[in-house]
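Subject: Structure handover and what was found in it

Dear colleague,

Please find below the structure I promised to pass on, followed by my notes on what was found in it.

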Amino acid sequence: ECHLQLHQHREARAALETSLEKNANSVATLLALYKVAIATGDLQRAELSLRKALAINPNEPQAHLGMGYVRMQQQRWDDAFQAFGRAAQLDPNDAFAVAMSGLALEKQGKQQQAIEYYGKALQINPNEELARSRMAKVQ
């Protein structure tokens, strides 16, 4: 995580892969590898890390959130919506996951539904910046 914060992606990946050798079932390590892959623009590695994390723990909200992000990058809006929805279902206090669901709907041209999701996100957290900014643009 320190290497990642310092933008030392190669070092971060190496440290995380060493960690996985010692504990192959570490969802936290796989999620960190996902972050490194995203930071380096490697969607394939990001998806692979998330798939492994979800195979270990299918109820990990952060893995579903990450998968939604990967699907957004692939412009697979409906799949992104489903992944964000699962993340929000698993963590009902995650306003960001709800706002991202709205963004996936907005990308599909479903403005009215997107507004509803942004509103739900703002009910959970009135300071959720993504929901606030997207709500202002859509309305």
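Gln-44 is exposed, with a relative accessible area of 69%, where exposed means over 50%, buried under 20% and partly exposed in between, using a 1.4 Å probe and protein chains only. Gln-44 is found in helix H4, and its C-alpha atom is separated by 8.9 Å from that of Val-70, which lies 26 residues apart from Gln-44 along the chain. Please keep in mind that this is a predicted model, in which local features need pLDDT of at least 70 and side-chain atom pairs count only at pLDDT 80 or more, while totals for chains, interfaces and linings use all residues. Residues are numbered from 1 along each chain as its sequence is written, and side-chain values use heavy atoms, with hydrogens and water left out.

Ser-101 sits in helix H7 and, leaving aside its neighbours within four places in sequence, is in contact (heavy atoms within 4.5 Å) with Phe-81, Phe-84, Gly-85 and Tyr-117.

As for the fold, the protein chain has 9 helices and 0 strands, taken as DSSP runs numbered from the N terminus (helices are H or I with at least four residues, strands E with at least two). The radius of gyration is 16 Å, close to the 14 Å that the globule rule gives for 139 residues, so the protein chain is as compact as a globular protein of that length; the radius is taken over C-alpha atoms, and the rule is 2.2 Å times the number of residues to the power 0.38. Of the 139 residues, 44% count as buried.

The largest nonpolar core has 23 residues, and those with the most contacts inside it are Met-72, Phe-84, Ala-104, Tyr-118 and Ala-121; such a core is a set of buried Ala, Val, Leu, Ile, Met, Phe, Trp, Tyr and Cys residues joined through side-chain atoms within 4.5 Å. Helices H5 (61-73), H6 (77-90), H7 (95-107), H8 (111-124) and H9 (129-138) each give two or more residues to this core, with H7 giving the most, 8 residues. A second, separate core of 20 residues includes Leu-4, Val-27, Leu-31 and Ala-83.

Turning to the pockets, the largest has a volume of about 210 Å³, and its lining includes Arg-13, Glu-17, Arg-45 and Lys-52. A pocket here is an open set of points on a 1 Å grid over the protein atoms alone, where a 1.4 Å probe fits, with protein on both sides within 12 Å along at least five of seven lines, and lining residues have an atom within 4 Å of a point; a volume is the space filled by probe spheres set on the points, which are joined across faces, edges and corners. The largest share of this lining, 4 residues, comes from H4, and the lining divides into 6 nonpolar, 1 polar and 4 charged residues.

The second largest pocket has a volume of about 170 Å³, and among the residues that line it are Leu-31, Tyr-34, Phe-84 and Met-100. H5 gives the most to this lining, with 4 residues, and by class the lining has 7 nonpolar, 2 polar and 1 charged residues, where Ala, Val, Leu, Ile, Met, Phe, Trp, Tyr, Cys and Pro count as nonpolar, Asp, Glu, Lys and Arg as charged, and the others, Gly among them, as polar.

Kind regards
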